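Let's take a walk through this structure together, one piece at a time. Keep the picture open beside you as you read.

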Amino acid sequence: MLRFLALRGVAFVATMWGIITGTFFLFRLVPGNAAVFIVGSDVTPRAIAALTKSLGLDKPLYVQYIDYLNNLGHGSFGQSVVFGSGLASALFARYPVTVSLALGAIVIAIGIGVVFGVASSLHPNSVFDRTLMGSLISLGGLPNFWFGVMLIAVFSSGLHLLPISGGSGLSSSILADVTLAAYPSAILARLVRSSMLEVSTSGFIVACHARGLSRIRVLVRHALRNAMLPALTMTGLLLGYLLGGSIVVEDIFTKQGIGLLLLQSVNAHDYSMIEAITIVFSGSFLFLNLLADMGIWFLDPRTRTGAQSR
Amino acid sequence: MAVRGESDVSREHRHSTADGSRPKTFWSQLFVAARLKSRFREPGLLWGLLLLTGVIGFVLLAPLLSGYDANGINLASPFAGASAQHLLGTDELGRDTLTRLAVGGRTSLLLSGTATGLAAASGIWLGLLSGYIGGALDLALQRLVELVIGVPTLVLAIAVVSVIPDRTLGVVLSATVVAIPAYVRLTRGVAVSIVATDYVVSARVLGARTARLLRRYVLPNALGPLLVQISFGLGQSLLLISGLGFLGVGISPPQAEWGTMASDAIQYLSNDPLLEILPGVAIMLVTLSTNLIGDGLRDALDPRSHSRVSR
Amino acid sequence: MTTSVAEPGDVLSVRNLRIAFYTRGQVLRAVDGVEFSIRRASTVGLVGETGCGKSTVALSLVRLVPSPGRIEGGGAILFRGRDLLSLSERQMTEVRGKSIGVVFQESANTLDPVQKIGHQLCEAVRAHESISRRGAIGRASEMLAAVGIGAIRQRLDAYPHELSGGMRQRVGIALALICRPALLLADEPTTALDVTVQAQIVELLKNLRDDLSLSMLLISHDIAVISELADELLVMYAGKIVERGETSTVLQYPKHPYTQALLRAIPTPATIVRQEPLVPIDGTVPSADAWPEGCRFAPRCSYVHAQCLALEPPLIGDRDHAAACWLLQPNANGGASIERRSRPRADT
């Protein structure tokens, strides 16, 4: 266990360092003077020079890089055009909103995925199964931003059931979470279904029945337990979508998370903030992925010894 | 008899690999699939192609047939309902919705197609070279790919768009960058496995050039999965690009694009819901078709799937 | 002529067992009127080629025939006098594991890959007996010892993939017997194992059978294994029993042309020593959706007569040995042909 963690920990740090370096150079190698980029070109050269100096853009690149890493070590992402030195605190004040959105969506997606996936697998090729899978395939291409707007139109404007935006209450987050969970739900439902089907025909399930175990027990403790493993792996892969998608959802439902902050920063040409948010998103993604892998390590003993997993 | 341009190498080794079988070519696989009447087992593939063709036909022809200018403002008749003159009505500035939808489609599809094409072109060769040559190049590229994948897709796209002054270029470039890793991994995997076969090793020993080797022996084996990936990738690029447009970091107005149209129309939902509904439906239809095509191709090219009774 | 040799006190008595698979508009009659009985503490071997329906028979005894298969009406599976086909699913769940145990061919088909061995053993026993966790672990340890597994503590904590094939099969046997069932169904228990391990498992089954007074239905296409363990032998072909009798008798003096052909087609130590050539059986098994009229082996039989093609023969003989072949009928062809059939064979 420790060895696994150590290896993955090192990989995490290495990848993060790579991403930090990558974003650093992405934002510094912008054609033209970054200061000009920010304030536009019809400003006096003196103002540009002053801004350049204040943002530390006149130093050689490698020096800037070292400074940047240094700052990071101290928990600072540098100066923001909008927030000044309050960049980090502005970012992390909004961070919990984004995380709760993403986690809420995961929970909903897994819930829906398992329920519908199992239900479908119990009656393969039935009308229920086919309709469900058919609609999931069609809905698979649904643009999430459009879906969110539609949900608002139907539930809020139309039916006046749920509040649209703002607020931190549960009900205002529900629509946002559902929007975000739509695509992962579809993927997970299909995956759980096919895993369950594969497992159910697998011999050991018949053997479990032959031992006289109750149907429920076989279904949950044996079939589902095995079928969930690929779903868990897939969840790890979907985390990237969930984090990115929170940008869209925060925009539509006006949730003050770092996704919305990112969009605002783009409009404000606040490059330090964009860079910082990119790094935070990546770090979150990699970390959550690590957690998911740990989960799989726990649940599937075959991964521990490197044995061949079915 | 020597064929012009062909070295002894390729002639001799055309008919054997380590296990004695010819490396499958894409065409042979497709031929087999067609022979097994896979078209009838994969109705999805057919429907997908029809749907995509239909949409492409619409975006190309509709503006020509309607005669309206997509940007032609007519403040006299905003939000006109569906009529003989405006089959789908008009938007807030009196522009014909149908025309705008089609022209917007041209933009969206063109951008997605370009991004997919660029990503495939560069990703395929990067992957082939990386897998074939191995060593430091391979390691470096793999780490680079990991970095790109490590940033959530939309976040990376927004970051790239933000640093490029020209929005259109920025959108295409970001959609390309996020799509490249899939192709790199795909072709690299094929390259790595084929490179080890005696077939290729002896070809190398006899002096065949790298590019030729890759093109002749490695690429055909990857062609099937590549086509599948390109199909799915097209849909994904569209979703990304229209998403950027929706969020306001995409193509600049007044150029029509499905994503920006969907964003603009939110405030006019009560005036004319069609303005919001149509762009989304259009995007959905295209991604549905690309998914069907991708699924269909994948099943048609997978020899195992023919024995499956039910999915 | 007898159709069954059922006696009161039989542990299992199967009558007119018919199983059909309904798929894509076709009806595959995989098992078509099979009958046999198993006495207390005796072993019946069911032998036949792959696909003749023998595994399906085993699964049907615990009513686990996979869909689209169905046990057709008109038959009965009497276990200690109770007709299993009349039980509710709930009652059947109680029977499985507790009264009838099953050993499968591959351990991969028996053990849940993500749970520890000990856990699965405990689960199996606690499903039928109200016993504390400690007690269950004790039973599990007992069983592991009984099947010849050492280092019990470690094994209980191990996962299936950490054990060798032979050990997994032993665990499978332990699982089947942990509730001390009266009847054990062994479906190709040795087929997936190395030859040396096979011998060990056969020995194990022998000992367990004697220690627990177990009745056993042993299904295999391996005649050597059958001859080691089975008291009575049933030969199955095309969904039907074509020969039945005491094992050594059937192997030495096979009456049915199929049995004879089968024994000629497989290597046995005796034939190897004598360097007799193997004689494959001509033709192929008919398709289960269209059994031929008359005797099902007739198309491939060297002794075929007109009568064989027209009418299906019942089992002809006495209680110790019978085969479904018209040529055994005392009045057919003057009886002289019977002599031709029973060729003495040195047994393996």
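What follows goes from confidence, to the individual chains, to the places where they touch, and then to some details in chain C.

Before anything else, keep in mind that this is a predicted model. For the complex, the predictor reports an ipTM of 0.88 along with a pTM of 0.81. Chain C has an average pLDDT of 83, with 91% of its residues scoring at least 70. Chain B averages 80, and 84% of its residues score at least 70.

In chain C, pLDDT stays under 50 over residues 332–348, a stretch with 22 contacts beyond four places in sequence. Where pLDDT is low, the predicted coordinates should not be read in detail.

Now for the chains themselves, beginning with chain A. If you take the contacts in chain A between residues at least 6 apart in sequence, 70% of them join residues at least 24 apart.Chain B comes next, with twelve helices and zero strands. From its N terminus, the elements read α-α-α-α-α-α-α-α-α-α-α-α. Of the 311 residues in chain B, 50% are buried. For contacts in chain B between residues at least 6 apart in sequence, 71% link residues at least 24 apart.

Next, look at where the chains meet. Between chain A and chain B, 37 residues of chain A are in contact with 32 residues of chain B. On chain A, at least two residues each come from helix 1 (2–28), helix 6 (127–139), helix 7 (144–158), helix 10 (215–253), helix 11 (258–267) and helix 12 (271–299). What classes of residue make up this side of chain A? The side of chain A that touches chain B has 22 nonpolar residues, 14 polar ones and one charged.

Chain A also meets chain C: 25 residues of chain C are in contact with 19 residues of chain A. On the chain C side, helix 2 (89–98) and helix 3 (117–126) each bring at least two residues. Helix 2 of chain C gives the most, with five residues. Sorted by class, the side of chain C that touches chain A holds twelve nonpolar, six polar and seven charged residues.

Let's stay with chain C and find a pair of helices. The axes of helix 6 (residues 165–177) and helix 7 (residues 195–212) of chain C come within 10 Å of each other, crossing at roughly 20 degrees. Which way do these two helices of chain C run relative to each other, roughly parallel or roughly antiparallel? Angles under 35 degrees count as roughly parallel, and helix 6 and helix 7 of chain C are therefore roughly parallel to each other. The crossing of helix 6 of chain C past helix 7 of chain C is right-handed.

You can trace the residues that make this pairing. From helix 6 of chain C come Gly166(C), Gln169(C), Arg170(C), Ile173(C) and Leu177(C), and they meet Val197(C), Gln200(C), Ile201(C), Leu204(C), Leu208(C) and Leu212(C) in helix 7 of chain C. By class, this contact has seven nonpolar residues, three polar and one charged. An α-helix has 3.6 residues a turn, so residues three or four places apart point the same way.

Helix 7 of chain C is also the place of Ala199(C). Is Ala199(C) buried or partly exposed? Ala199(C) counts as partly exposed, because it has 15 C-beta neighbours inside 10 Å. From Ala199(C) to Glu276(C) is 77 residues in sequence and 25 Å in space, C-alpha to C-alpha.

The last stop is helix 10 (residues 257–265) of chain C. Its buried residues are Pro257(C), Tyr258(C), Thr259(C), Gln260(C), Leu262(C) and Leu263(C). What do these buried residues of helix 10 of chain C pack against? They pack against strand 10 (232–237), strand 11 (240–246) and helix 9 (247–252) of chain C.

How values were computed
Residues numbered from 1 in each chain as written. Chains lettered and ligands numbered in written order. Predicted model: local features only at pLDDT ≥ 70, side-chain atom pairs only at ≥ 80, totals over all residues. Axes fitted to C-alpha atoms, helices over the stretch in contact; angles between N-to-C directions. Helix = DSSP H or I, 4+ residues; strand = E, 2+ residues; numbered from the N terminus. Parallel < 35°, antiparallel > 145°, perpendicular 65-115°, else oblique. Left-handed = near helix turned anticlockwise from the far one by under 90°. Contact = placed C-beta atoms within 7 Å. Nonpolar A, V, L, I, M, F, W, Y, C, P; charged D, E, K, R; others polar. Buried ≥ 20, exposed ≤ 12 C-beta atoms within 10 Å, placed from the backbone. pLDDT = per-residue confidence, 0-100.
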